[in-house]
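Hi everyone, thanks for coming.

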Amino acid sequence: MHGDRVLFLDGEALVIDKPAGLPVDPPRDGSLSLENHLESLRFGFHRWPQAVHRLDRDTSGCLLLSRNPKAHARLQQAFERGEVEKTYLAVLDGVPEGERGVVDMALGKTSTAADGWRMVPDAKGKAARTAWELIRVAEGRALVRFMPETGRTHQIRVHAAKGLGAAVVGDPVYGRADRGGPSTSSGQGMLLHAAKLVVRRGAKPPIEAEAPVPERFGVFV
């Protein structure tokens, strides 16, 4: 993990620009994950940093890591209390109606032998809310800014596909990629990026980081 991937660094925390394709947790097959890069992210500290939250393997962008156990506990509490502002950018396989809004759609987990597990709209599931704003349209696709108010698994991906009617381009679970559609042909992967992260810390200055839009976003960069 090169130094240019570090977006924020102080005594408590660091934020990295996680590349798409790198899992946060070690995969069962033993392939590379964030763990393989933690040694290079110590920056003089005795301990390896520890991820405070998760990004999907194919999602790039701002990932917060703590640098000591006390900071880890405090930062996790900030996430649980909703003291974190997250902004994502996504290219959608289609154009949603309207220019902005809020998707309020509870989510639950389902699993089948054929397809494995996925998140689905479920009135009895956990509450999930995502504000969104249309930024630009090109080539029949839309660049959308998402501001999740909750942090459910795959929240933005399901809210885009089921709430806005246009899945994230290249999404292997909720998009056209799982049906062999054009999303897979370009080979650019899933176009979802954690663009900005702000974590409030009481009297201390907030943690603030922005990750540049990746080249795989093509015409939207």
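Predicted model: local features only at pLDDT ≥ 70, side-chain atom pairs only at ≥ 80, totals over all residues.

Residues are numbered from 1 along each chain as its sequence is written, and side-chain values use heavy atoms, with hydrogens and water left out.

So, the whole chain. Its secondary structure comes to 2 helices and 12 strands; helices (H or I, at least four residues) and strands (E, at least two) are DSSP runs, numbered from the N terminus. Reading from that end, the order is β-β-β-β-α-β-β-β-β-β-β-α-β-β. The C-alpha trace spans about 50 × 40 × 35 Å along its principal axes. Of the 221 residues, 45% count as buried. Here, buried means under 20% relative accessible area, exposed means over 50%, and partly exposed is in between, using a 1.4 Å probe and protein chains only.

What about contacts, meaning heavy atoms within 4.5 Å? Among contacts with a separation of 6 or more, 61% are between residues 24 or more positions apart.

Now find helix α2, residues 155-163. How many of its 9 residues are buried? The count is 7, so the helix is mostly covered. Among the buried ones are Ile156, Val158 and His159. Just after α2, Gly165 takes a positive phi of about 75°.

Next, charged pairs. A salt bridge is a side-chain nitrogen of Lys or Arg within 4 Å of a carboxyl oxygen of Asp or Glu, and by this rule the count comes to 17. One of them joins Glu12 and Arg201, whose closest N and O atoms are 3.0 Å apart. Glu12 sits in the loop between β1 and β2, Arg201 in strand β11, and 189 residues separate the two. Both Glu12 and Arg201 are buried.

Strands β6 and β9 give us two further examples. Glu133 and Arg100 meet in a salt bridge at 3.6 Å, N to O, with Glu133 in β9 and Arg100 in β6, 33 residues apart. Glu133 is partly exposed at 24% relative accessibility, whereas Arg100 is exposed at 56%. Then there is Arg129 with Asp104, where the closest N and O atoms are 3.0 Å apart. Arg129 lies in β9 and Asp104 in β6, so this pair ties together parts 25 residues apart in sequence.

Let's turn to Lys18, in strand β2. Why might we stop here? Lys18 is buried yet has no salt bridge. The nearest side chain of opposite charge (Lys and Arg count as positive, Asp and Glu as negative, with His and the chain ends not counted) is Asp58, 6.9 Å away. The Lys18 side chain does reach the backbone oxygen of Asp56 at 3.4 Å. Leaving out residues up to four places away in sequence, Lys18 touches several others, including Arg5, Val24 and Leu63.

Last stop: Pro26. Is this residue buried or partly exposed? Pro26 is partly exposed, with a relative accessible area of 47%. Again leaving out residues up to four places away, Pro26 touches Ser33 and Glu35.

Key: Polar contact = N/O pair within 3.5 Å; in protein donor to acceptor, adjacent residues only side chain to side chain. Contact = heavy atoms within 4.5 Å.
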